[in-house]
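I am opening my notebook on this entry.

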Amino acid sequence: MTRITLATVALLTLAGCRADSNAAPTPSANAETTKTAAQEIDRASMDTSVSPGDDFYHYANGTWLKNTEIPADLASYGVFDILGEQSQQRTRALVEAAASGRETAGPDERKVGDYYASYLDEATIDRRGLAPLEPVLKEINAIADRKSLSRWIGQSLRADVDPLNATNFYTDRVFGFWFAQDLNDPSRQIPYLLQGGLGLPDRDYYIEGGKEMERVRAAYRTHLVNVLTLAKILDPSATATRIYDFEHKIAAVQWTRTQSADVAKANNHWMRADFDKKAPGIDWSALLEGAGLSSAQTFIVWQPDAIAGIAKLVASQPLPVWREYLAYHAVDHNLSVLPKPFRDEGFAFYGKALTGTEKQRDRWKRAVDATNGALGPAVGKMYVAKHFPAESKAQLKAIVANISAAFGRRIDALTWMSPKTKESAKAKVASLVVGIGYPDTWRDYSTLQVVRGEAFENAQRASLADFEFQRSKIGKPPDRGEWWMDPQTVNAVNLPVQNALNFPAAILVPPYFDPAAPPASNYGAIGAIIGHEVSHSFDDTGSQFDATGRFVNWWTPEDLKHFKAAADKLVAQYDAYMPFPDLHVSGKLTLGENIADIAGLSAAYDAYRAQGNATAESDRLFFISYAQAWKAKRREALARQLVVIDGHAPDEYRADTVRNLDAWYPAFDVKKGQRLYLEPADRVRVW
Ligand SMILES: [Zn+2]
């Protein structure tokens, strides 16, 4: 599902174990520890004065929504955030133990502890002032021509975007790299090059009109001035204007978020020689040498005309403006590991202005996040050893197998799909690699140097080590068991080119999963999430990848026509949702997630019914557990930001997915004329 939780985009990555179809059957529920459906419903959160047929989200969550305040240091608060806090507390205990017991810790634990302790040590960060930044600013100042500019850009690039697994298209570096299996050739891994270079979260923030966008733009201009002033850059006000205008030029050539999500448009293979022809302006030899990619021959260039447009700016824009722009970003990218005035400015803009958060989160929380960002898998290894029981893994493997089987039966039952397309679809379900909890193998951190007291340098070295790790995949065969989320992350992810799923340990806990809960509750909550991830293999994007992860059309034209007609109906259903009077959900932007929500909920429902002993009461528990999994509140600035950039619909409408399932109607006696009622013909069934 991959939820974006604000300027720091929280995504997922976890390890892979093979979900074979002969997985053990679901352990039978223990009658003494398992609660009944009636006992399991979380009634305290509900508002039964609301009619479920009019507003299911508030029926299931109304009292909780009324009585819950978003903590001052958060931009949103819901199940995800509550579990996120739990994972954070657990991680804190682990990394603090590693920091204080460094003498006896293993090499990875020692790095984890040192990274955390250095980030936490604000006194040392303050005392060192701008000194750690000076070598970088000196390098930027020494940029004397297009060649050295190109080389510097190249060496500053990182593997910081991910267009398919995390659907993260944003980097403030001039470009972003991703290293993964070739879309056209499952036998090899190649670099993907994406557009980048903006300080604001998306090109829309520079281009689109409206009061809210103007407010953010004004705040950003102030932020530019403030950062430049703190960094002692001369004439901050005029410099800020030049940098803003420069970024506006980048925004003008960038693809929109919706364009970037179109894999067919993005699947452009460029040979090394194509760069000079198709994107003149940059000295590509110098750039690729700077990035350590001189020997790479084939690339996927995700947004070709945007890449060409940015390359043109290397030739057309004055070098002094480039130097100012790069210097600003070198500072701005590192605000969290610079002295207090920088950190405060970072929060004033990225926290307050951009997401509406009132209070900066405690330093230890940011230190945990930073440590996860730098050494996530090493932290995850410590996390699962302590917090992920083997019994959970066994039960969840069975739930995954049952949902995959239900999905297979749904494919069989489709009346409109040709036998040939069905065969390909079922092959895809059968070969899915499902990771539960954590990866089978862990990343090697032996070359990463972490030094106590060097928060700034540690961050630089960690991002470079990650880049080198990602880059080293070139020439190696793809690993379908590779994880893209950390075990301590509360999320889950579908990996299209690996035809694989990751379910991190930190999401496999109540209220999503409770080994003692009745099937209706587990299948309604974690089951729908598992079904959602399985279904991503068959959403508007996933259905374009075959069982080997090759980007290829395995559909007959008639089948594709039916699929697209159902998708169009869904676009219209979500376009009609208005979270704010002046802003509607984009049915197109959220299509893939909405297909996954409906198909996932449907498969989870089938799998739960297949466990037997279903009653009217347990059906209600199933649907309420589902809607309660989406309870959340968001600050308006963040909520608006997400409607623009997030591929997911707002939580309320995700909960309303239920209106597309026939079984929901009798369970809550929903009648024609009620707000969520859909005529049977209007209920969307994609899978
Ligand atoms: Zn999703």
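**Metal site.** First I noted the term: donors are N, O and S atoms within 2.8 Å of the metal (3.2 Å for Na, K and Ca), and water is not among the atoms, so sites may look incomplete. This is a predicted model, in which local features need pLDDT of at least 70 and side-chain atom pairs count only at pLDDT 80 or more, while totals for chains, interfaces and linings use all residues. Residues are numbered from 1 along each chain as its sequence is written, and side-chain values use heavy atoms, with hydrogens and water left out.

Which protein donors does the zinc ion have? I found His-532 (NE2), His-536 (NE2) and Glu-593 (OE), lying 2.0 to 2.1 Å from the zinc ion. Along the chain, the donors follow the spacing H-x3-H-x56-E. His-536 sits in helix H22 and Glu-593 in helix H24 (residues 591-609), so this pair ties together parts that are 57 residues apart in sequence. Helices (H or I, at least four residues) and strands (E, at least two) are DSSP runs, numbered from the N terminus. Are His-536 and Glu-593 buried or exposed? Both are buried. Buried means under 20% relative accessible area, exposed over 50%, and partly exposed in between (1.4 Å probe, protein chains only).

**Sheet.** Next I traced an open sheet of 3 strands, in the order S6-S8-S7, with mixed pairing. Its edge strands are S6 (433-437) and S7 (493-495), each pairing on one side only. From one strand to the next, the twist averages 15 degrees. Two strands pair if DSSP finds at least two bridges between them. I noted 5 bridges joining S6 to S8 (residues 500-504), and these two run parallel. Val-433 stands opposite Ala-500 in S8.

Helix H22 (residues 519-536) lies across S7 and S8, at about 155 degrees to S8. Axes here are lines fitted to C-alpha atoms, for helices over the stretch in contact, and angles run from 0 to 180 degrees between N-to-C directions. Contact means heavy atoms within 4.5 Å.

**Helix H15.** I then looked at H15 (residues 304-316), which has 13 residues. From first C-alpha to last, H15 reaches 18 Å, close to the 18 Å expected at 1.5 Å a residue. The expected span is 1.5 Å times one less than the number of residues. Its buried residues include Pro-304, Ile-307, Ile-310 and Val-314.

**Loops.** The peptide bond from Pro-510 to Pro-511 is cis, with omega near 5 degrees. Pro-511 lies in the loop between S8 and H22. Asp-235 has phi near 50 degrees, and its place is the loop between helix H9 (211-230) and helix H10 (236-253). Asn-613 has a positive phi of about 60 degrees. The loop between H24 and helix H25 (616-628) holds Asn-613. Asn-613 counts as exposed, at 76% relative accessibility.

**Asp-172.** My last stop was the loop between helix H7 (146-156) and strand S2 (175-181), where I found Asp-172. Asp-172 is buried, with a relative accessible area of 14%. What does Asp-172 contact, leaving aside its neighbours within four places in sequence? I listed Gly-197, Leu-198, Tyr-325, His-329 and His-333. The side chains of Asp-172 and His-333 make a polar contact (2.8 Å). A polar contact is a pair of N or O atoms within 3.5 Å; within protein, one must be able to donate a hydrogen and the other to accept it, and residues adjacent in sequence count only if both atoms are side-chain atoms.
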